[in-house]
Amino acid sequence: MDYIYLSVMGSLVGTLAIILICIYLYVLYRVRYMVIWAMGWLILLLRYVILDSGLVSWKLSAWGLSLYQTMSLLFALMIVWSTYSLINKPLSKWWVYGTAGIAIASFALNVLPSALPYKLLLPIYAACFAFVWVGFLYIRHPKIPRFGRLVVGWAYILMGLINFSFPFIVYGSWILPWGYAIGGTVRLVIAIGTLILFLEKTRTDLSNKEIQYQILAENAIDVIYYYRLSPESAIEYISPSVLTVTGYAPEKYYADNKLIFKLVHPDDRALLNDFISNLPHSVETPLTVRVLREDETTIWVEQKCVPIYDEQGRLIALEGIIRDITQRKKLEQMASAFDRMNMVGSMAATVAHEIRNPMTTVRGYLQVLGRKEKYQADKEKFELMIEEIDRANSIIREYLSLSHEKFVSLKKCSLNQIIKALFPLIQADANSSKVYVTLDLSDIPELLLDENEVRQLLLNLVRNGIEAMPSGGNLVIGTVLADNKAVLSISDQGSEIPPHILEHLGTPFFTTKDTGTGLGLPICYQIAHRHNASIQIDTSDTGTTFFVNFNPPAP
């Protein structure tokens, strides 16, 4: 009998090992099926301690047999349930119905005068079937790591096969101690296999997460970086999107840790220096600077980062993102320009009438006085005063053109016909400046336009092009259908517009001309805005082209 107790103790140790590992894994991963699994093995452990060990005499009692059968069936059901939860499948209701039916049949056999093996046959064989089923679930499930699932799966199948003989050796056969010993060993294998399985699963999950994060970083539009500050400053990682943003590949940043600092616009380097000198407090606010791309164009970028500290609380690295916000800056500038134009328009609508009426009166009196004989000697002075009044009136008209309350009458008409109608006037204006104008008109659909406003837009852009060529040159007015938009283009052969001027074009009162008001281009932008169109500028050392993109009307 000592061998039997030793064998039972072996099974107890194996079962206890499984319970402890389940608890350990639950603490690590907080998964519900570990609790179900641990409860199932705990029920089996209690059966060993109370019944299998002989602590309670149960073989001759109907209640004792019922308790043994119930604990065996519950153990098997909970093992199946936890395994289904592991593979993310719902427990079939037939397992519950089958367990309940076997329990009822077993309870009925307990009151009949039959041998003990037959009374234990149904619950024990049901458990054996459950173990074999669970084993095959492990082996056949591809998402569970291979080595761990094979160990645990075959151990469950072996435990199921071993328990097929249990009803016939429970009386005390010499095989009984070996059955307990082998069962305990199998349980230890299940415990160790379960631990291996979850270690493999953790490693696989971490590897998959690492791949996902790597793919996310490498395919992100924004630049993701990790910059080490200590013990030596260096870029440890920068995502491939930096090539799209700055024109330089990641390898160039790894080779030259100072490259990113060299690309910052000279006017913004003071901001970068302040950011560096005030670390880590400066990371609380995004850093916005201009960056010079490899193709020498300027873009706006916004940098946000978080500080990384070591165990002693020292700042050792920065981790963050760099985002191209050039388009956002352009939209902000356009919105600001529209706000300023609306302000000017409101001011113009209020002031214009108060100014034009007395000016009209003054002009009239100057004309009358200029015709009198006694003022003929001062005729040139009168004409000069009238010209200045007319010039002031034209400026007031430009102010009024910026009024946001202006009514726009949109009608379907041909942009090409408007250009052709204005062409003689444009030619006359261009000839006086030694500029040759050509038309390059393509077939485009009719657009919803206010003809008077489009004429003003066209004349303003043409005059800007003519004034950009003081020594003469060619001016090309073209239309084309591109990307489902009707595009009006005015191209000159003047000098390139410097970047510091280009970024302020369209701002009210900003002008580079001695006699300009700075309202011509703002009027063009306002007209384009009222037509739901956009203006783009392409400038180089061969000239400048203004593109006005109109949206065709819906069919």
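The legends below describe close-up views of one predicted model. Residues are numbered from 1 along each chain as its sequence is written, and side-chain values use heavy atoms, with hydrogens and water left out. Because the model is predicted, local features need pLDDT of at least 70 and side-chain atom pairs count only at pLDDT 80 or more, while totals for chains, interfaces and linings use all residues.

**View 1. Helices H2 and H3.** Helix H2 (residues 32-52) packs against helix H3 (residues 62-86) at an angle of about 160°, and their axes are 8 Å apart. Helices here are DSSP runs of H or I with at least four residues, strands are runs of E with at least two, and both are numbered from the N terminus. Axes are lines fitted to C-alpha atoms, for helices over the stretch in contact, and angles run from 0 to 180 degrees between N-to-C directions. H2 and H3 are therefore roughly antiparallel to each other (angles under 35 degrees count as roughly parallel, over 145 as roughly antiparallel, 65 to 115 as roughly perpendicular and the rest as oblique). The crossing of H2 and H3 is left-handed, a term used if the near helix is turned anticlockwise from the far one by less than a right angle, with clockwise giving right-handed. In the contact of H2 with H3 there are 18 nonpolar, four polar and three charged residues. Ala, Val, Leu, Ile, Met, Phe, Trp, Tyr, Cys and Pro count as nonpolar, Asp, Glu, Lys and Arg as charged, and the others, Gly among them, as polar.

**View 2. Helices H4 and H5.** The axes of helix H4 (residues 93-110) and helix H5 (residues 116-140) cross at roughly 160° and come within 7 Å. That makes H4 roughly antiparallel to H5. From H4, the residues in contact (heavy atoms within 4.5 Å) are Trp-95, Ile-102, Ala-105, Ser-106, Leu-109 and Asn-110. They meet Tyr-118, Lys-119, Leu-122, Pro-123, Ala-126, Phe-129, Ala-130 and Trp-133 of H5. By class, this contact of H4 with H5 has 11 nonpolar, two polar and one charged residues.

**View 3. The aromatic pair Phe-131 and Tyr-156.** The structure holds 11 aromatic pairs. Rings of Phe, Tyr and Trp (its six-membered ring) pair if their centres lie within 6.5 Å; planes under 30 degrees apart count as stacked, over 60 as edge-to-face and the rest as tilted. The ring centres of Phe-131 and Tyr-156 are 6.3 Å apart and the planes stand at 35°, so the pair is tilted. Phe-131 lies in helix H5 and Tyr-156 in helix H6 (residues 146-163), so the pair ties together parts that are 25 residues apart in sequence.

**View 4. The open sheet E2-E1-E5-E4-E3.** Five strands with antiparallel pairing form an open sheet in this order. Two strands pair if DSSP finds at least two bridges between them. Strand E2 (234-238) and strand E3 (287-292) stand at the edges with a single partner strand each, so one side of each is left without a neighbour in the sheet. Direction ignored, neighbouring strands are turned by 30° against each other on average. Strand E4 (residues 298-309) runs antiparallel to strand E5 (residues 315-324), and nine bridges join them; Lys-304 has Ile-321 in E5 as its bridge partner. Helix H12 (residues 269-277) lies across E3 and E4, at about 135° to E3. In the loop between H12 and E3 lies Pro-280, joined to Leu-279 by a cis peptide bond with omega of about 0°.

**View 5. The open sheet E7-E9-E10-E12-E11.** This sheet has five strands and mixed pairing. Its edge strands are strand E7 (435-441) and strand E11 (534-540), each pairing on one side only. The twist averages 15° from one strand to the next. Helix H15 (residues 415-431) packs on the sheet, touching E7, E9, E10 and strand E12 (543-550), with its direction at about 170° to that of E7. Helix H16 (residues 451-467) also touches E7, E9, E10 and E12, and its direction makes about 140° with that of E9.

**View 6. Strand E9 and its partners.** E7 and E9 pair in the parallel sense over seven bridges, and Leu-439 has Ile-477 in E9 as its bridge partner. Strand E9 (residues 473-482) pairs with strand E10 (residues 485-491) in the antiparallel sense over seven bridges; the partner of Val-480 in E10 is Val-487. E9 and E10 form a hairpin with two residues between them. Asp-483, in the loop between E9 and E10, has a phi near 50°, a positive value in a residue other than glycine. Most residues other than glycine have a negative phi.
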